[in-house]
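Good morning, and thank you for making time for this presentation. Please look at the sequence and the structure together as I go through them.

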Amino acid sequence: MTKAEKTRNFIVEKTAPIFNMKGYAGTSLNDITAATGLTKGSIYGNFANKDEVALAAFDYNLNNVSSRIEAEMSRQTTIKDKLLVYIDIYQKFIDGSVSEGGCPVLNTAIDADDTHPELRNRVLKAVLDWKNKIAKLVEAGIANKEISADQHPEQIALTIIAMVEGGIMISKLTSKTEYWSLIMGSLKKYVDGLG
């Protein structure tokens, strides 16, 4: 890895939590320089603008989450257990042990929806990829008869995503983790009832 690549990675690693907590509009160049200890010239010597840093920070945060989910799913043997991995991993957003500031998909989707088209498109792709991964799991569950043949994979995927992201939003907004537990209890029943 070149010195420039190491510096870019350093900038992204240090600023990713800030972008996740403060959002694109709320993260200033001063925040970036304070987190990295680098000058504005160093930042802009490695990134053309704040947009590039924000996109790289989102990719970093998303990759952090995705790699944890994939690692945990690889340890599961049933499709239903693989689907329930989302509850365990996203629980860590509630307690802050996965990503400072919460879920990068939810945070960035809300932050960039009307303000940053390129970032919005990046989040949209992440959500659609997530939906497709879950739908493929459900299709595999239908094929191996773990899930009923009359189930609709895309509907199940969208429901799981909505319950997870909605649960995070409600729990964080109200500062009541018991709401997360209640919603995830409903999601567990939903997944158990698919077969």
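Let me begin with a question: are Tyr86 and Trp130 buried or exposed? Both Tyr86 and Trp130 are buried, where buried means under 20% relative accessible area, exposed means over 50%, and partly exposed lies in between, with a 1.4 Å probe and protein chains only.

Before I continue, a word on the source. This is a predicted model, in which local features need pLDDT of at least 70 and side-chain atom pairs count only at pLDDT 80 or more, whereas totals for chains, interfaces and linings use all residues. Residues are numbered from 1 along each chain as its sequence is written, and side-chain values use heavy atoms, with hydrogens and water left out.

Now the overall picture. The chain has nine helices and zero strands; helices (H or I, at least four residues) and strands (E, at least two) are DSSP runs, numbered from the N terminus. The C-alpha trace spans about 60 × 40 × 30 Å along its principal axes. Of the 195 residues, 41% count as buried. If we take contacts between residues at least 6 apart in sequence, 65% join residues at least 24 apart; contact here means heavy atoms within 4.5 Å.

One annotation comes from a record. An unreviewed UniProt entry places the feature "domain: HTH tetR-type" at residues 5-65; UniProt positions are given in the numbering used here, feature names are shortened, and annotations may be inferred rather than shown by experiment. In the model this span is 87% helix and 0% strand, and its end C-alpha atoms lie 22 Å apart.

Two charges deserve mention. The charged end of Arg8 sits over the ring of Phe47, 4.0 Å from its centre, and the charged end of Lys50 sits over the ring of Tyr24, 4.4 Å from its centre. The criterion is that NZ of Lys or CZ of Arg is within 6 Å of the ring centre and within 35 degrees of the ring normal.

I return to the aromatic residues. How many aromatic pairs does a search of the whole structure find? The search finds three; rings of Phe, Tyr and Trp (its six-membered ring) pair if their centres lie within 6.5 Å, and planes under 30 degrees apart count as stacked, over 60 as edge-to-face and the rest as tilted. Tyr86 and Tyr90 form a tilted pair, at 6.4 Å centre to centre and 35° between the planes. These two tyrosines are separated by about one helical turn because they are four residues apart in helix H5 (residues 79-94). Tyr86 is buried at 3% relative accessibility, and Tyr90 is buried at 2%. Tyr86 also forms a tilted pair with Trp130, at 5.7 Å centre to centre and 40° between the planes. That pair links distant parts of the chain, since Tyr86 is in helix H5 and Trp130 is in helix H7 (residues 117-143), 44 residues apart. Tyr86, Tyr90 and Trp130 form one aromatic cluster.

Next, helix H7 itself. Its 27 residues should span 39 Å at 1.5 Å a residue, and its end C-alpha atoms are 38 Å apart, which agrees; the expected span is 1.5 Å times one less than the number of residues. Its buried residues include Leu119, Val123, Trp130 and Ile134. Among the elements that cover the buried residues of H7 are H5, H8 and helix H6 (104-112). Just after H7, Lys145 takes a positive phi of about 70°.

What, then, of the core? Of the 53 residues in the largest nonpolar core, Leu83, Tyr90, Ile134, Val164 and Ile168 touch the most other members; such a core is a set of buried Ala, Val, Leu, Ile, Met, Phe, Trp, Tyr and Cys residues joined through side-chain atoms within 4.5 Å. The largest share of this core, 10 residues, comes from H5. Not counting residues up to four places away in sequence, Ile134 touches Leu83, Tyr86, Ala157, Ile160 and Ile161.

Finally, which residues does Ser171 contact, leaving aside its neighbours within four places in sequence? They are Ile94, Lys176, Thr177 and Trp180. Ser171 is found in helix H8 (residues 153-174) and is buried, with a relative accessible area of 3%.
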